[in-house]
Amino acid sequence: MRMSTINRKQFIKTGVALAAAAAAPNLLFPFAADRKIKVAVIGCGSVSNMYLPHLSKAPLVELVATCDIIPERAKAAAEKYKIARHYPNIDALLKGEAFDLLVNLTDMQVHGELNKKALLARRNVWSEKPMANTYAEGRDLLTLAQQQGVRIWGAPAVVNSPQFAFMAKAIQDGKIGKVAAAHAHYGHLGPHWSAFFYEKGGGSLPDLGVYNLATLTGLLGPAKAVMAMTSIVTPERTVDNKGKIKVAVEDNAMVLMDHGNGILSHVQCGFNYFDPYGHEGEGQDKPTISIWGSRGNLSLIGYDWAPFGVEMATLENEKTVRHATDTGTYVWEQGASIIAEALSTGQEPRINVEHALHVLEVIEAARASQQTGKRIELKSSFKYPL
Ligand SMILES: NC(=O)c1ccc[n+]([C@@H]2O[C@H](COP(=O)([O-])OP(=O)(O)OC[C@H]3O[C@@H](n4cnc5c(N)ncnc54)[C@H](O)[C@@H]3O)[C@@H](O)[C@H]2O)c1
């Protein structure tokens, strides 16, 4: 995918504006590099097994380094994907081989501090979710990136699927009339390999709910207010890296969003759902997202991070028909490769950091609503991805 002249000009303009805002413009890495982007991956655990194969095949990516505080993991990943350097911590990584984009795949709790170090060293960042531990920290990271003349983006990449595009267009074209309500759900029995999912700073909202929250806000618009209930269903778990642990954050959540114009939606997520399709979602072909309007309804088939169809029934065509069955090149683990491509070509990606920040604010508001029993108004907003 190459840029159009207009897009490239726009992107360069943004880059120039950002660089101008910086105390010292970023001379190491101008936007629209028109070359392969040098990528370093930090965190060589479970999800790196999905990212690294995708990055290693991405035409505009050159993988130059891996890093993990468990050094054997960084070494093994470097050997497997023929990456020249590996480092045992971020400080060594940032002092070592030069690179343009940090791909942060570490524990949720350290995303904010690692992203900050990378931005301070004028590296662009793609971060797994959440991009920071609080909304305020996320905002500060974006300001820092702008000051440094670099960019930051956060997972997920759900807005890139052809099914998301189909639903967005159907809604915008008025196919389902005036939109009233939506429901989304995602859950499984919880990861067994690492404790951080259940420790403070983890939780089912930033790990699972984040996908549905990004999809529904991406389709229905930013949430104006949130009400939620959360709970802990399983207070103790046994995980591979720490044995028996106490669960400190929600493993069960019900979130209501008010998108304005009368549109209400609901997201449920949790680590206690028996799901015959398991963590990988293999074979899931049921709707996980439903949207209702006055003239029709839409159901997304499969999880929103791996959808493969959209069913639609309308006043004109009452029989439900499955559309958008082609998944194209979309896969959920493509986020970092897409960002590297954007940095090389100058074409602004559909994934937008303001959207990731908004979802972070929704998650924080859901927890505040649980604590206070109140409806929480939100400040943040973002441009519709489509
Ligand atoms: N596993 C999945 O299928 C999956 C899917 C989508 C997103 N994610 C997200 O990816 C992130 C990582 O999840 P995971 O399942 O791979 O966890 P994991 O525990 O398997 O891997 C995390 C890795 O990060 C390393 N690490 C932790 N702190 C570090 C630091 N300060 N510096 C360098 N390395 C550090 C750990 O040693 C570990 O190897 C999380 O944000 C998770 O929500 C995971």
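**View 1. Arginine 322 and its contacts.** Leaving aside neighbours within four places in sequence, arginine 322 is in contact with Ile301, Gly309 and Glu311, where two residues are in contact if their C-beta atoms, placed from the backbone, lie within 7 Å. The model shown is predicted, so local features need pLDDT of at least 70 and side-chain atom pairs count only at pLDDT 80 or more, whereas totals for chains, interfaces and linings use all residues. Residues are numbered from 1 along each chain as its sequence is written. Arginine 322 is found in strand 16 (residues 321–323); strands (E, at least two residues) and helices (H or I, at least four) are DSSP runs, numbered from the N terminus. The C-alpha atoms of arginine 322 and glutamate 311 are separated by 4.2 Å, although these residues are 11 apart along the chain. Is arginine 322 buried or exposed? Arginine 322 is exposed, because 12 other C-beta atoms lie within 10 Å, and a residue counts as exposed at 12 or fewer such atoms, as buried at 20 or more, and as partly exposed in between.

**View 2. The largest nonpolar core.** This core has 101 residues, and those with the most contacts inside it are Val39, Ala40 and Leu101; a nonpolar core is a set of buried Ala, Val, Leu, Ile, Met, Phe, Trp, Tyr and Cys residues joined through C-beta atoms within 7 Å. Helix 8 (residues 204–220) gives the most to this core, with 9 residues.

View 3. The protein chain is divided into domain 1 (5–156 + 335–349) and domain 2 (158–331 + 357–377), with bounds that come from an automatic or database domain assignment. Their centres, taken over C-alpha atoms, are separated by 26 Å, and 18 residues of domain 1 are in contact with 18 residues of domain 2. On the side of domain 1 that touches domain 2, the largest share, 4 residues, comes from helix 6 (residues 135–148).

**View 4. The shell around the ligand.** Of the 24 residues around the ligand, Gly43, Gly45, Ser46, Val47 and Ser194 come nearest, a residue being near if its C-beta atom, placed from the backbone, lies within 6 Å. Domain 1 and domain 2 both give residues to this shell, so the ligand lies between them.
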